[in-house]
Amino acid sequence: MIKKPAFWIIVFTLIVIASVIYLFSRENVEPGWLGIPSWVYGFIVLQLIYCAAMWVFVTRFWDHDEKAS
Amino acid sequence: MVYVILISYLVITFIIGLIFTKKPETNPESYFLSNRNLKTIAVFFTLIATNFSAFFFLGFAGEGYRVGYAYYPIMALGTSFAAISFYVIGNKAWKLGKKHGYITPVEIVRGISGNSWLTNLYMVVMVGFMIPFLSVQPIGAGLILETITGGQIPYTWGVILMTIFIIIYVYIGGMRGVVAMDMKNGVIMLTFMVLALVVIASGIGGMSSANIEIFETKQDLFTPEGTGGFYTPLRWISFMILWMTCLPMFPQIFTRFLISRDLRTFKISTFLYTLIPPFLFLIPVAIGVLGHINFPDLAGKTSDRILPMMLSLHAPEWLAALILTGALAAFISTVDSLLLAISTIGTRDIYLKYLKPEATHKSQVQVGRLFILVVAIVSLVLALLRPASIFKIVTMTFSGSALLFPVTVALFYWKRVSPAACTLALLVGEVFLAGLTFDWIGTGWMQTALPVLPAMVLTILIIVVGSLVGSRKRVEFRV
(Lines give C-alpha, C1' and ligand atoms only; values in the text may rest on other atoms or scores of the structure.)
Protein backbone atom coordinates (compact mmCIF):
# COMPACT_ATOMS: atom_id res chain seq x y z
CA MET A 1 0.00 0.00 0.00
CA ILE A 2 2.78 2.36 0.97
CA LYS A 3 4.23 1.89 -2.50
CA LYS A 4 1.11 3.04 -4.33
CA PRO A 5 0.82 6.70 -5.50
CA ALA A 6 -2.88 6.76 -4.52
CA PHE A 7 -1.95 6.07 -0.89
CA TRP A 8 0.30 9.13 -0.78
CA ILE A 9 -2.21 11.34 -2.55
CA ILE A 10 -4.68 10.44 0.21
CA VAL A 11 -2.12 10.94 3.01
CA PHE A 12 -1.00 14.38 1.83
CA THR A 13 -4.56 15.50 1.05
CA LEU A 14 -5.61 14.46 4.55
CA ILE A 15 -2.79 16.53 6.04
CA VAL A 16 -3.99 19.62 4.15
CA ILE A 17 -7.63 19.01 5.16
CA ALA A 18 -6.58 18.47 8.80
CA SER A 19 -4.62 21.74 8.69
CA VAL A 20 -7.57 23.72 7.35
CA ILE A 21 -9.99 22.18 9.87
CA TYR A 22 -7.52 22.73 12.71
CA LEU A 23 -6.86 26.34 11.80
CA PHE A 24 -10.39 27.46 11.15
CA SER A 25 -11.90 25.80 14.19
CA ARG A 26 -9.65 27.68 16.64
CA GLU A 27 -11.58 29.93 18.94
CA ASN A 28 -8.88 30.63 21.51
CA VAL A 29 -6.47 33.17 20.04
CA GLU A 30 -5.06 34.37 23.38
CA PRO A 31 -1.28 34.80 23.47
CA GLY A 32 0.44 31.67 24.79
CA TRP A 33 4.12 30.87 25.37
CA LEU A 34 6.26 33.87 24.33
CA GLY A 35 3.03 35.69 23.59
CA ILE A 36 2.53 33.70 20.41
CA PRO A 37 -1.01 32.30 20.06
CA SER A 38 -1.15 28.64 21.09
CA TRP A 39 -2.72 27.56 17.78
CA VAL A 40 0.63 28.35 16.15
CA TYR A 41 2.31 25.66 18.28
CA GLY A 42 -0.40 23.17 17.35
CA PHE A 43 0.26 23.96 13.74
CA ILE A 44 3.98 23.33 14.18
CA VAL A 45 3.08 19.84 15.44
CA LEU A 46 0.94 19.28 12.33
CA GLN A 47 3.87 20.26 10.16
CA LEU A 48 6.16 17.86 11.97
CA ILE A 49 3.66 15.09 11.23
CA TYR A 50 3.92 16.09 7.58
CA CYS A 51 7.73 15.99 7.78
CA ALA A 52 7.55 12.46 9.22
CA ALA A 53 5.20 11.41 6.41
CA MET A 54 7.60 12.96 3.92
CA TRP A 55 10.48 10.93 5.34
CA VAL A 56 8.53 7.69 4.85
CA PHE A 57 7.55 8.88 1.37
CA VAL A 58 11.17 9.59 0.45
CA THR A 59 12.63 6.40 1.87
CA ARG A 60 9.90 3.92 0.93
CA PHE A 61 7.85 5.20 -2.01
CA TRP A 62 10.50 7.21 -3.82
CA ASP A 63 13.04 4.37 -3.57
CA HIS A 64 10.45 1.97 -4.88
CA ASP A 65 9.59 4.32 -7.74
CA GLU A 66 13.28 4.57 -8.68
CA LYS A 67 13.73 0.81 -8.73
CA ALA A 68 10.51 0.31 -10.67
CA SER A 69 11.65 2.69 -13.41
CA MET B 1 31.46 50.60 11.43
CA VAL B 2 28.38 49.95 9.27
CA TYR B 3 30.41 50.45 6.13
CA VAL B 4 33.22 48.21 7.40
CA ILE B 5 30.72 45.36 7.90
CA LEU B 6 29.00 45.88 4.58
CA ILE B 7 32.21 46.14 2.60
CA SER B 8 33.72 43.13 4.43
CA TYR B 9 30.65 41.04 3.56
CA LEU B 10 30.78 42.02 -0.09
CA VAL B 11 34.54 41.47 -0.35
CA ILE B 12 34.30 38.01 1.28
CA THR B 13 31.44 37.10 -1.05
CA PHE B 14 33.44 38.22 -4.04
CA ILE B 15 36.57 36.33 -2.97
CA ILE B 16 34.59 33.10 -2.53
CA GLY B 17 33.25 33.58 -6.05
CA LEU B 18 36.80 33.94 -7.37
CA ILE B 19 38.13 30.94 -5.43
CA PHE B 20 35.56 28.66 -7.02
CA THR B 21 36.29 29.92 -10.49
CA LYS B 22 40.04 29.84 -10.72
CA LYS B 23 39.72 28.07 -14.04
CA PRO B 24 37.71 29.98 -16.68
CA GLU B 25 34.49 28.15 -17.61
CA THR B 26 34.13 27.35 -21.29
CA ASN B 27 31.79 24.36 -21.19
CA PRO B 28 28.00 25.10 -20.96
CA GLU B 29 27.24 22.07 -18.76
CA SER B 30 29.94 23.13 -16.36
CA TYR B 31 29.10 26.88 -16.39
CA PHE B 32 25.31 26.46 -16.22
CA LEU B 33 24.93 23.21 -14.20
CA SER B 34 28.25 22.65 -12.43
CA ASN B 35 28.61 19.38 -14.37
CA ARG B 36 25.53 17.85 -12.62
CA ASN B 37 27.81 16.73 -9.85
CA LEU B 38 26.67 18.41 -6.64
CA LYS B 39 26.42 16.61 -3.30
CA THR B 40 23.54 16.59 -0.79
CA ILE B 41 24.61 19.51 1.41
CA ALA B 42 25.33 21.71 -1.61
CA VAL B 43 21.97 20.87 -3.24
CA PHE B 44 20.10 21.41 0.04
CA PHE B 45 21.66 24.80 0.72
CA THR B 46 21.30 25.99 -2.84
CA LEU B 47 17.60 24.96 -2.80
CA ILE B 48 17.05 26.86 0.44
CA ALA B 49 19.12 29.91 -0.43
CA THR B 50 17.65 30.16 -3.91
CA ASN B 51 14.10 29.78 -2.68
CA PHE B 52 14.29 32.06 0.37
CA SER B 53 14.78 35.48 -1.11
CA ALA B 54 14.68 39.09 0.06
CA PHE B 55 10.95 38.39 0.19
CA PHE B 56 11.65 35.99 3.08
CA PHE B 57 13.31 38.72 5.13
CA LEU B 58 11.26 41.77 4.16
CA GLY B 59 8.03 40.48 2.57
CA PHE B 60 7.32 37.98 5.38
CA ALA B 61 7.88 40.60 8.07
CA GLY B 62 5.83 43.14 6.09
CA GLU B 63 2.96 40.71 5.65
CA GLY B 64 3.26 39.63 9.31
CA TYR B 65 2.87 43.30 10.18
CA ARG B 66 -0.20 43.71 7.93
CA VAL B 67 -1.99 40.38 8.48
CA GLY B 68 -0.48 38.94 11.67
CA TYR B 69 0.40 35.37 12.69
CA ALA B 70 -2.09 34.04 10.10
CA TYR B 71 0.63 34.49 7.52
CA TYR B 72 2.86 31.89 9.15
CA PRO B 73 0.87 28.66 8.60
CA ILE B 74 0.17 29.21 4.94
CA MET B 75 3.75 30.16 4.11
CA ALA B 76 5.35 27.42 6.20
CA LEU B 77 3.12 24.53 5.13
CA GLY B 78 2.79 25.77 1.55
CA THR B 79 6.56 25.97 1.14
CA SER B 80 7.15 22.61 2.85
CA PHE B 81 4.51 20.97 0.69
CA ALA B 82 6.34 22.13 -2.41
CA ALA B 83 8.73 19.24 -1.66
CA ILE B 84 6.02 16.93 -3.04
CA SER B 85 5.88 18.84 -6.30
CA PHE B 86 9.69 18.85 -6.32
CA TYR B 87 9.38 15.07 -6.44
CA VAL B 88 6.68 15.11 -9.12
CA ILE B 89 8.66 17.40 -11.43
CA GLY B 90 12.24 17.00 -10.22
CA ASN B 91 12.44 13.23 -10.30
CA LYS B 92 11.51 13.03 -13.99
CA ALA B 93 13.46 16.16 -14.90
CA TRP B 94 16.65 14.78 -13.36
CA LYS B 95 16.31 11.50 -15.28
CA LEU B 96 15.57 13.28 -18.55
CA GLY B 97 18.43 15.73 -18.04
CA LYS B 98 20.89 12.98 -17.25
CA LYS B 99 19.84 10.80 -20.18
CA HIS B 100 19.55 13.42 -22.90
CA GLY B 101 21.90 16.12 -21.65
CA TYR B 102 19.16 18.75 -21.28
CA ILE B 103 20.41 21.90 -19.59
CA THR B 104 17.21 23.98 -19.38
CA PRO B 105 13.55 23.23 -18.53
CA VAL B 106 12.62 24.52 -21.98
CA GLU B 107 14.90 21.97 -23.64
CA ILE B 108 13.13 19.22 -21.71
CA VAL B 109 9.71 20.44 -22.89
CA ARG B 110 10.98 20.64 -26.46
CA GLY B 111 12.46 17.16 -26.20
CA ILE B 112 9.26 15.61 -24.88
CA SER B 113 6.65 17.47 -26.91
CA GLY B 114 8.51 18.18 -30.13
CA ASN B 115 6.18 21.17 -30.48
CA SER B 116 7.85 24.54 -31.04
CA TRP B 117 4.67 26.56 -30.30
CA LEU B 118 4.36 24.96 -26.89
CA THR B 119 8.09 25.22 -26.21
CA ASN B 120 8.25 28.92 -27.05
CA LEU B 121 5.13 29.77 -25.07
CA TYR B 122 6.48 27.78 -22.13
CA MET B 123 9.72 29.75 -22.32
CA VAL B 124 7.94 33.13 -22.52
CA VAL B 125 5.78 32.31 -19.49
CA MET B 126 8.63 30.85 -17.45
CA VAL B 127 10.98 33.76 -18.05
CA GLY B 128 8.41 36.54 -18.42
CA PHE B 129 6.94 36.09 -14.95
CA MET B 130 10.34 35.91 -13.36
CA ILE B 131 11.44 39.37 -14.44
CA PRO B 132 9.10 41.19 -11.99
CA PHE B 133 10.12 38.71 -9.27
CA LEU B 134 13.75 39.42 -10.08
CA SER B 135 13.06 43.12 -9.58
CA VAL B 136 11.75 42.40 -6.06
CA GLN B 137 15.25 41.43 -5.00
CA PRO B 138 17.00 44.76 -5.73
CA ILE B 139 13.98 46.49 -4.17
CA GLY B 140 14.75 44.57 -0.97
CA ALA B 141 18.46 45.36 -1.17
CA GLY B 142 17.74 49.06 -1.77
CA LEU B 143 15.45 49.23 1.27
CA ILE B 144 18.00 47.43 3.45
CA LEU B 145 20.94 49.59 2.47
CA GLU B 146 18.94 52.78 2.87
CA THR B 147 17.75 51.79 6.33
CA ILE B 148 21.04 50.55 7.77
CA THR B 149 23.03 53.50 6.52
CA GLY B 150 20.45 55.93 7.85
CA GLY B 151 19.67 57.16 4.34
CA GLN B 152 23.34 57.83 3.41
CA ILE B 153 22.98 55.25 0.63
CA PRO B 154 19.59 56.24 -0.88
CA TYR B 155 17.25 53.54 -2.19
CA THR B 156 18.18 54.22 -5.83
CA TRP B 157 21.91 53.90 -5.24
CA GLY B 158 21.44 50.80 -3.09
CA VAL B 159 19.55 49.11 -5.92
CA ILE B 160 22.19 50.10 -8.50
CA LEU B 161 25.21 49.13 -6.39
CA MET B 162 23.87 45.69 -5.45
CA THR B 163 22.85 44.91 -9.03
CA ILE B 164 26.33 45.78 -10.31
CA PHE B 165 27.90 43.61 -7.63
CA ILE B 166 25.74 40.60 -8.53
CA ILE B 167 26.38 40.99 -12.24
CA ILE B 168 30.14 40.87 -11.70
CA TYR B 169 30.27 37.71 -9.67
CA VAL B 170 27.63 35.70 -11.55
CA TYR B 171 29.40 36.75 -14.74
CA ILE B 172 32.63 35.26 -13.45
CA GLY B 173 31.42 32.29 -11.41
CA GLY B 174 28.56 30.55 -13.22
CA MET B 175 26.74 27.76 -11.36
CA ARG B 176 29.79 26.68 -9.38
CA GLY B 177 30.28 30.17 -8.00
CA VAL B 178 26.55 30.53 -7.35
CA VAL B 179 26.32 27.28 -5.37
CA ALA B 180 29.41 28.13 -3.31
CA MET B 181 27.81 31.46 -2.54
CA ASP B 182 24.47 29.83 -1.73
CA MET B 183 26.07 27.60 0.90
CA LYS B 184 27.70 30.56 2.64
CA ASN B 185 24.62 32.76 2.23
CA GLY B 186 22.26 30.01 3.42
CA VAL B 187 24.14 29.69 6.72
CA ILE B 188 24.36 33.48 7.18
CA MET B 189 20.69 33.99 6.34
CA LEU B 190 19.37 31.32 8.74
CA THR B 191 21.68 32.34 11.61
CA PHE B 192 21.07 36.06 11.34
CA MET B 193 17.30 35.68 11.11
CA VAL B 194 17.34 33.96 14.53
CA LEU B 195 19.70 36.64 15.86
CA ALA B 196 17.35 39.38 14.58
CA LEU B 197 14.46 38.00 16.65
CA VAL B 198 16.64 37.70 19.78
CA VAL B 199 17.87 41.28 19.44
CA ILE B 200 14.44 42.78 18.73
CA ALA B 201 12.71 40.75 21.47
CA SER B 202 15.23 41.86 24.08
CA GLY B 203 15.01 45.44 22.82
CA ILE B 204 11.26 45.62 23.39
CA GLY B 205 11.44 44.02 26.82
CA GLY B 206 10.61 40.42 25.90
CA MET B 207 8.34 38.82 23.33
CA SER B 208 5.71 37.76 25.78
CA SER B 209 4.88 41.17 27.21
CA ALA B 210 5.12 42.84 23.79
CA ASN B 211 2.73 40.34 22.20
CA ILE B 212 0.27 40.71 25.07
CA GLU B 213 0.39 44.50 24.72
CA ILE B 214 -0.31 44.26 20.99
CA PHE B 215 -3.07 41.70 21.59
CA GLU B 216 -4.95 44.19 23.77
CA THR B 217 -5.45 46.59 20.88
CA LYS B 218 -5.09 44.46 17.74
CA GLN B 219 -6.55 41.01 18.37
CA ASP B 220 -6.96 40.33 14.64
CA LEU B 221 -3.20 39.89 14.35
CA PHE B 222 -3.46 36.77 16.54
CA THR B 223 -6.27 34.96 14.73
CA PRO B 224 -5.74 32.17 12.16
CA GLU B 225 -7.72 34.28 9.65
CA GLY B 226 -5.58 37.40 10.16
CA THR B 227 -6.51 41.08 10.00
CA GLY B 228 -9.97 41.66 8.59
CA GLY B 229 -10.50 37.88 8.27
CA PHE B 230 -8.15 37.90 5.24
CA TYR B 231 -7.34 34.18 5.22
CA THR B 232 -10.65 32.46 4.64
CA PRO B 233 -10.46 28.67 4.08
CA LEU B 234 -10.87 29.23 0.32
CA ARG B 235 -8.07 31.78 0.16
CA TRP B 236 -5.92 29.52 2.32
CA ILE B 237 -6.39 26.58 -0.04
CA SER B 238 -5.67 28.90 -2.99
CA PHE B 239 -2.35 29.95 -1.48
CA MET B 240 -1.51 26.34 -0.69
CA ILE B 241 -2.06 25.36 -4.32
CA LEU B 242 -0.18 28.44 -5.48
CA TRP B 243 2.99 27.72 -3.47
CA MET B 244 2.98 24.03 -4.33
CA THR B 245 2.61 24.59 -8.04
CA CYS B 246 4.64 27.72 -8.66
CA LEU B 247 7.84 26.91 -6.78
CA PRO B 248 9.07 24.03 -8.97
CA MET B 249 8.22 26.08 -12.05
CA PHE B 250 10.68 28.85 -11.26
CA PRO B 251 13.58 28.42 -13.67
CA GLN B 252 16.12 28.83 -10.87
CA ILE B 253 14.44 26.04 -8.85
CA PHE B 254 13.78 23.80 -11.86
CA THR B 255 17.48 24.06 -12.74
CA ARG B 256 18.27 22.80 -9.22
CA PHE B 257 16.56 19.53 -10.16
CA LEU B 258 19.25 18.93 -12.76
CA ILE B 259 22.41 19.53 -10.75
CA SER B 260 22.37 16.63 -8.26
CA ARG B 261 25.06 14.00 -8.77
CA ASP B 262 22.42 11.24 -8.32
CA LEU B 263 18.77 10.75 -7.35
CA ARG B 264 19.61 9.89 -3.74
CA THR B 265 21.26 13.30 -3.37
CA PHE B 266 18.19 15.04 -4.75
CA LYS B 267 15.86 12.94 -2.59
CA ILE B 268 17.60 13.64 0.71
CA SER B 269 17.99 17.34 -0.12
CA THR B 270 14.26 17.54 -0.80
CA PHE B 271 13.45 15.97 2.56
CA LEU B 272 15.84 18.28 4.44
CA TYR B 273 14.16 21.20 2.70
CA THR B 274 10.83 20.33 4.37
CA LEU B 275 12.34 20.72 7.85
CA ILE B 276 13.26 24.40 7.54
CA PRO B 277 9.95 26.31 7.03
CA PRO B 278 8.06 25.00 10.13
CA PHE B 279 10.54 26.69 12.45
CA LEU B 280 12.23 29.40 10.50
CA PHE B 281 9.21 31.06 8.89
CA LEU B 282 7.71 31.97 12.25
CA ILE B 283 10.58 34.36 12.97
CA PRO B 284 10.08 37.10 10.34
CA VAL B 285 6.30 36.92 10.80
CA ALA B 286 6.71 37.38 14.59
CA ILE B 287 9.06 40.32 13.99
CA GLY B 288 6.41 41.87 11.74
CA VAL B 289 3.75 41.53 14.45
CA LEU B 290 6.12 42.91 17.12
CA GLY B 291 6.69 45.93 14.87
CA HIS B 292 3.31 47.26 16.04
CA ILE B 293 4.90 48.10 19.39
CA ASN B 294 7.10 50.82 17.94
CA PHE B 295 5.50 51.57 14.59
CA PRO B 296 1.75 51.09 14.92
CA ASP B 297 0.59 53.01 11.86
CA LEU B 298 2.59 51.91 8.83
CA ALA B 299 0.57 51.48 5.65
CA GLY B 300 1.01 49.73 2.29
CA LYS B 301 4.49 49.07 1.00
CA THR B 302 6.11 51.11 3.81
CA SER B 303 5.49 48.13 6.10
CA ASP B 304 7.97 46.10 4.02
CA ARG B 305 10.63 48.05 5.92
CA ILE B 306 9.49 46.88 9.33
CA LEU B 307 12.36 44.44 9.94
CA PRO B 308 15.21 46.88 9.23
CA MET B 309 13.29 49.62 11.06
CA MET B 310 12.98 47.47 14.18
CA LEU B 311 16.64 46.51 13.99
CA SER B 312 17.72 50.12 13.60
CA LEU B 313 15.73 50.99 16.69
CA HIS B 314 16.76 48.12 18.96
CA ALA B 315 20.23 47.04 17.92
CA PRO B 316 23.51 48.95 17.98
CA GLU B 317 24.34 50.24 14.54
CA TRP B 318 27.06 47.64 13.90
CA LEU B 319 24.83 44.73 15.00
CA ALA B 320 21.92 45.90 12.86
CA ALA B 321 24.28 46.11 9.89
CA LEU B 322 25.66 42.65 10.62
CA ILE B 323 22.20 41.08 10.87
CA LEU B 324 21.01 42.80 7.74
CA THR B 325 23.85 41.25 5.78
CA GLY B 326 21.68 38.13 6.28
CA ALA B 327 18.96 39.84 4.27
CA LEU B 328 21.54 40.83 1.67
CA ALA B 329 22.66 37.19 1.59
CA ALA B 330 19.06 36.12 0.91
CA PHE B 331 18.80 38.71 -1.83
CA ILE B 332 22.12 37.79 -3.44
CA SER B 333 21.52 34.03 -3.39
CA THR B 334 18.19 34.37 -5.18
CA VAL B 335 19.26 36.96 -7.73
CA ASP B 336 22.40 35.11 -8.76
CA SER B 337 20.48 31.85 -9.35
CA LEU B 338 17.68 33.61 -11.16
CA LEU B 339 20.04 35.57 -13.40
CA LEU B 340 21.96 32.43 -14.23
CA ALA B 341 18.80 30.40 -14.92
CA ILE B 342 17.32 33.06 -17.22
CA SER B 343 20.62 33.55 -19.04
CA THR B 344 20.88 29.77 -19.49
CA ILE B 345 17.46 29.70 -21.15
CA GLY B 346 18.32 32.74 -23.28
CA THR B 347 21.54 31.15 -24.45
CA ARG B 348 20.33 27.62 -25.07
CA ASP B 349 16.73 28.20 -26.15
CA ILE B 350 17.05 31.42 -28.14
CA TYR B 351 20.66 31.93 -29.21
CA LEU B 352 21.64 28.30 -29.78
CA LYS B 353 18.25 27.17 -31.08
CA TYR B 354 17.34 30.05 -33.39
CA LEU B 355 20.29 32.37 -33.92
CA LYS B 356 23.45 30.29 -34.06
CA PRO B 357 22.92 26.53 -33.83
CA GLU B 358 26.59 25.91 -34.59
CA ALA B 359 27.77 28.09 -31.67
CA THR B 360 30.84 26.76 -29.89
CA HIS B 361 30.77 25.95 -26.18
CA LYS B 362 32.91 28.98 -25.51
CA SER B 363 30.61 31.37 -27.35
CA GLN B 364 27.56 29.90 -25.52
CA VAL B 365 29.17 30.81 -22.21
CA GLN B 366 29.99 34.29 -23.51
CA VAL B 367 26.42 34.83 -24.72
CA GLY B 368 25.15 33.54 -21.34
CA ARG B 369 27.16 36.29 -19.69
CA LEU B 370 25.69 38.88 -22.04
CA PHE B 371 22.17 37.71 -21.14
CA ILE B 372 23.04 38.13 -17.44
CA LEU B 373 23.87 41.77 -18.12
CA VAL B 374 20.70 42.46 -20.14
CA VAL B 375 18.32 40.77 -17.67
CA ALA B 376 19.96 42.47 -14.69
CA ILE B 377 19.50 45.89 -16.30
CA VAL B 378 15.82 45.20 -17.03
CA SER B 379 15.23 44.16 -13.41
CA LEU B 380 17.13 47.22 -12.21
CA VAL B 381 14.82 49.52 -14.17
CA LEU B 382 11.75 47.75 -12.72
CA ALA B 383 13.18 47.98 -9.20
CA LEU B 384 13.71 51.72 -9.62
CA LEU B 385 10.08 52.14 -10.73
CA ARG B 386 8.90 50.00 -7.75
CA PRO B 387 5.28 49.65 -8.80
CA ALA B 388 3.68 47.89 -5.78
CA SER B 389 4.36 46.23 -2.44
CA ILE B 390 6.69 43.22 -2.50
CA PHE B 391 3.82 40.90 -1.55
CA LYS B 392 1.61 42.04 -4.41
CA ILE B 393 4.37 41.68 -7.01
CA VAL B 394 5.25 38.22 -5.74
CA THR B 395 1.67 36.92 -5.68
CA MET B 396 1.06 38.16 -9.23
CA THR B 397 4.20 36.66 -10.75
CA PHE B 398 3.89 33.39 -8.84
CA SER B 399 0.35 32.86 -10.16
CA GLY B 400 1.53 33.18 -13.76
CA SER B 401 4.30 30.63 -13.21
CA ALA B 402 1.95 28.19 -11.43
CA LEU B 403 0.02 27.50 -14.65
CA LEU B 404 3.12 25.81 -16.07
CA PHE B 405 2.73 23.07 -13.47
CA PRO B 406 -0.27 21.19 -14.93
CA VAL B 407 1.29 21.44 -18.39
CA THR B 408 4.58 20.00 -17.15
CA VAL B 409 2.91 17.21 -15.17
CA ALA B 410 0.80 16.26 -18.19
CA LEU B 411 3.85 16.18 -20.45
CA PHE B 412 5.84 14.12 -17.94
CA TYR B 413 3.20 11.57 -16.98
CA TRP B 414 0.44 11.34 -19.60
CA LYS B 415 1.49 9.66 -22.81
CA ARG B 416 -1.75 10.59 -24.53
CA VAL B 417 -1.39 14.31 -23.86
CA SER B 418 -1.61 16.54 -26.90
CA PRO B 419 1.05 19.30 -27.11
CA ALA B 420 -1.48 21.43 -29.04
CA ALA B 421 -3.94 21.11 -26.13
CA CYS B 422 -1.16 22.10 -23.71
CA THR B 423 -0.36 25.16 -25.81
CA LEU B 424 -3.99 26.23 -25.92
CA ALA B 425 -4.45 25.51 -22.21
CA LEU B 426 -1.44 27.60 -21.22
CA LEU B 427 -2.43 30.48 -23.47
CA VAL B 428 -6.08 30.55 -22.40
CA GLY B 429 -5.13 29.97 -18.76
CA GLU B 430 -2.73 32.93 -18.70
CA VAL B 431 -5.19 35.25 -20.48
CA PHE B 432 -7.95 34.19 -18.08
CA LEU B 433 -5.62 34.75 -15.12
CA ALA B 434 -4.74 38.24 -16.38
CA GLY B 435 -8.46 38.96 -16.86
CA LEU B 436 -9.20 38.01 -13.27
CA THR B 437 -6.14 39.75 -11.83
CA PHE B 438 -6.76 43.06 -13.59
CA ASP B 439 -10.56 42.91 -13.24
CA TRP B 440 -11.27 42.65 -16.98
CA ILE B 441 -13.53 39.77 -15.99
CA GLY B 442 -15.94 40.00 -13.06
CA THR B 443 -14.55 38.30 -9.97
CA GLY B 444 -17.53 38.37 -7.60
CA TRP B 445 -18.27 34.67 -8.20
CA MET B 446 -14.79 33.71 -7.00
CA GLN B 447 -15.54 34.88 -3.47
CA THR B 448 -12.17 34.85 -1.69
CA ALA B 449 -10.30 32.45 -3.98
CA LEU B 450 -7.13 33.70 -5.64
CA PRO B 451 -7.38 34.11 -9.43
CA VAL B 452 -4.88 31.27 -9.84
CA LEU B 453 -7.42 28.71 -8.60
CA PRO B 454 -10.04 29.07 -11.39
CA ALA B 455 -7.26 29.66 -13.93
CA MET B 456 -5.62 26.40 -12.86
CA VAL B 457 -8.92 24.50 -13.14
CA LEU B 458 -9.50 25.92 -16.63
CA THR B 459 -5.95 25.03 -17.73
CA ILE B 460 -6.31 21.42 -16.52
CA LEU B 461 -9.73 21.13 -18.17
CA ILE B 462 -8.42 22.28 -21.55
CA ILE B 463 -5.44 19.92 -21.35
CA VAL B 464 -7.66 16.93 -20.55
CA VAL B 465 -10.52 17.64 -22.96
CA GLY B 466 -8.18 18.84 -25.72
CA SER B 467 -6.00 15.74 -25.44
CA LEU B 468 -8.97 13.38 -25.41
CA VAL B 469 -10.81 14.85 -28.39
CA GLY B 470 -8.00 16.57 -30.27
CA SER B 471 -4.81 15.47 -31.96
CA ARG B 472 -3.88 11.83 -31.66
CA LYS B 473 -0.20 12.61 -31.90
CA ARG B 474 1.27 11.21 -28.76
CA VAL B 475 4.09 12.54 -26.71
CA GLU B 476 7.38 10.70 -27.00
CA PHE B 477 8.43 10.03 -23.46
CA ARG B 478 11.95 8.78 -23.40
CA VAL B 479 13.14 8.27 -19.85
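1. In this predicted model, helices α4 (residues 54–67) and α15 (residues 282–294) of chain B pack at an angle of about 50 degrees with their axes 7 Å apart, and α4(B) and α15(B) are therefore oblique to each other. Here angles under 35 degrees count as roughly parallel, over 145 as roughly antiparallel, 65 to 115 as roughly perpendicular and the rest as oblique; axes are lines fitted to C-alpha atoms, for helices over the stretch in contact, with angles from 0 to 180 degrees between N-to-C directions. Helices are DSSP runs of H or I with at least four residues, and strands runs of E with at least two, numbered from the N terminus.

2. On the α4(B) side the contact (C-beta atoms, placed from the backbone, within 7 Å) is made by residues including Phe56(B), Phe57(B), Phe60(B) and Tyr65(B), while α15(B) contributes, among others, Val285(B), Ile287(B), Val289(B) and His292(B). The residues of this contact divide into ten nonpolar, five polar and one charged, where Ala, Val, Leu, Ile, Met, Phe, Trp, Tyr, Cys and Pro count as nonpolar, Asp, Glu, Lys and Arg as charged, and the others, Gly among them, as polar.

3. A second pair in chain B is formed by α11 (residues 233–246) and α22 (residues 452–469), which pack at an angle of about 60 degrees with their axes 9 Å apart, so that α11(B) and α22(B) are oblique to each other. Ser238(B), Ile241(B) and Leu242(B) of α11(B) meet Val452(B), Leu453(B) and Met456(B) of α22(B), and by class this contact has five nonpolar, one polar and no charged residues.

4. Helix α6 (residues 105–113) of chain B is mostly covered, with eight of its nine residues buried (20 or more other C-beta atoms within 10 Å of the residue's own; exposed means 12 or fewer, and partly exposed lies in between, C-beta atoms being placed from the backbone). The buried residues of α6(B) include the charged Glu107(B) and Arg110(B), and the elements that cover the buried residues include α5, α7, α12, α17, α20 and α21 of chain B. After α6(B) comes Gly114(B), whose phi is positive, near 65 degrees.

5. Where the two chains meet, chain A gives 27 residues and chain B gives 33. The elements of chain A with two or more residues on that side are α1 (5–24) and α2 (38–68), of which α2(A) supplies the largest share, 13 residues; the chain A side divides into 21 nonpolar, four polar and two charged residues.

6. Phe7(A) lies in α1 of chain A and counts as partly exposed because it has 13 C-beta neighbours inside 10 Å. Phe7(A) and Phe61(A) are 54 residues apart in sequence and 9.9 Å apart in space, C-alpha to C-alpha. Leaving aside neighbours within four places in sequence, Phe7(A) is in contact with Met1(A) and Ile2(A).

7. On conventions, residues are numbered from 1 along each chain as its sequence is written, with chains lettered from A and ligands numbered from 1 in the order in which they are written. Local features need pLDDT of at least 70 and side-chain atom pairs count only at pLDDT 80 or more, whereas totals for chains, interfaces and linings use all residues.
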